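Visitor: I am new to protein structures. Could you show me how to read one, step by step?

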Amino acid sequence: MGQDHIRYDILAQDALRGVIRKVLSEVAATGRLPGDHHFFITFLTGAPGVRISQHLKAKYPEQMTIVIQHQFWDLKITETQFEVGLSFSDTPERLVIPFNAIRGFYDPSVNFELEFEVPLADEDDNSSAEITAIPVEATSKPAETEAKSKTDEEKKPGSVVSLDAFRKKQ
């Protein structure tokens, strides 16, 4: 097999991040989510351009999952990032998240998921990117902004629940 000089993996990743950008832009334009749609967005907290409070950075030193559902404000989208206001334990926070920092996007209302292999800051930057678009089983809707783990085993300080935790076990 020949060498990929075009880098289809990067082009595909950029195109799929464009889906997230488009969806969030439409929500920002209307100020609300259509129907039952809501989004779980997992991102690397240490990625370049991510801006979160020191409190959240200390609690989630590697990655974090946010839920955009009922209570969010000031959603702003640019070509490279989005900003959103969310509440964590009744404390309002403003987050700035570059699209390149996103590891996962999930809309459980329609079982749509995108996963991105984004190297952690201490991982090799030359690793190849893999993208997966996976339909998943229906899940229940969480009531809180912060994703909660389902078992005590998954509850570790500073850890964020994987999107797999919200899938039905077969």
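**Reading the fold**

Guide: Gladly! Of the 170 residues in this protein chain, 41% count as buried. Please keep in mind that the model is predicted.

Visitor: How many helices and strands does the protein chain have?

Guide: There are two helices and eight strands.

Visitor: What share of the contacts joins residues at least 24 apart?

Guide: Here we look at contacts between residues at least 6 apart in sequence, and 55% of those join residues at least 24 apart. Arg103 sits in strand E6, which covers residues 102-107. Its side chain also makes a polar contact, at 3.2 Å, with the side chain of Gln63.

Visitor: Now a sheet, please. In what order do the strands of the open sheet of three lie?

Guide: The order is E3-E4-E5, and the pairing is antiparallel. Strands E3 (73-77) and E5 (91-98) are at the edges with a single partner strand each, so one side of each has no neighbour in the sheet. From one strand to the next, the twist averages 20 degrees.

Visitor: How many bridges join E3 to E4?

Guide: Three bridges join E3 to E4, the strand made of residues 81-88, and the two run antiparallel. You can find Lys76 opposite Glu83 of E4.

Visitor: Which helix lies across E3 and E4?

Guide: That is helix H1, residues 8-30, which runs at about 135 degrees to E3.

Visitor: Which residues of H1 are buried?

Guide: First, the general idea. An α-helix has 3.6 residues a turn, so residues three or four places apart point the same way. Now the case here: the buried residues in H1 are Asp9, Gln13, Arg17, Ile20, Arg21, Leu24 and Val27.

Visitor: Which residue follows H1?

Guide: Gly31 does, and its phi is positive, near 80 degrees.

Visitor: Last one: what is the accessible surface of the protein chain?

Guide: The accessible surface comes to about 10,200 Å², and 50% of this belongs to carbon and sulfur atoms.

Key
Residues numbered from 1 in each chain as written. Predicted model: local features only at pLDDT ≥ 70, side-chain atom pairs only at ≥ 80, totals over all residues. Heavy atoms only, no water. Pairing = 2+ DSSP bridges. Helix = DSSP H or I, 4+ residues; strand = E, 2+ residues; numbered from the N terminus. Axes fitted to C-alpha atoms, helices over the stretch in contact; angles between N-to-C directions. Contact = heavy atoms within 4.5 Å. Buried < 20%, exposed > 50% of the residue type's maximum accessible area, 1.4 Å probe, protein only. Areas by Shrake-Rupley, 256 points an atom, 1.4 Å probe, with all protein chains shown as cover. Polar contact = N/O pair within 3.5 Å; in protein donor to acceptor, adjacent residues only side chain to side chain.
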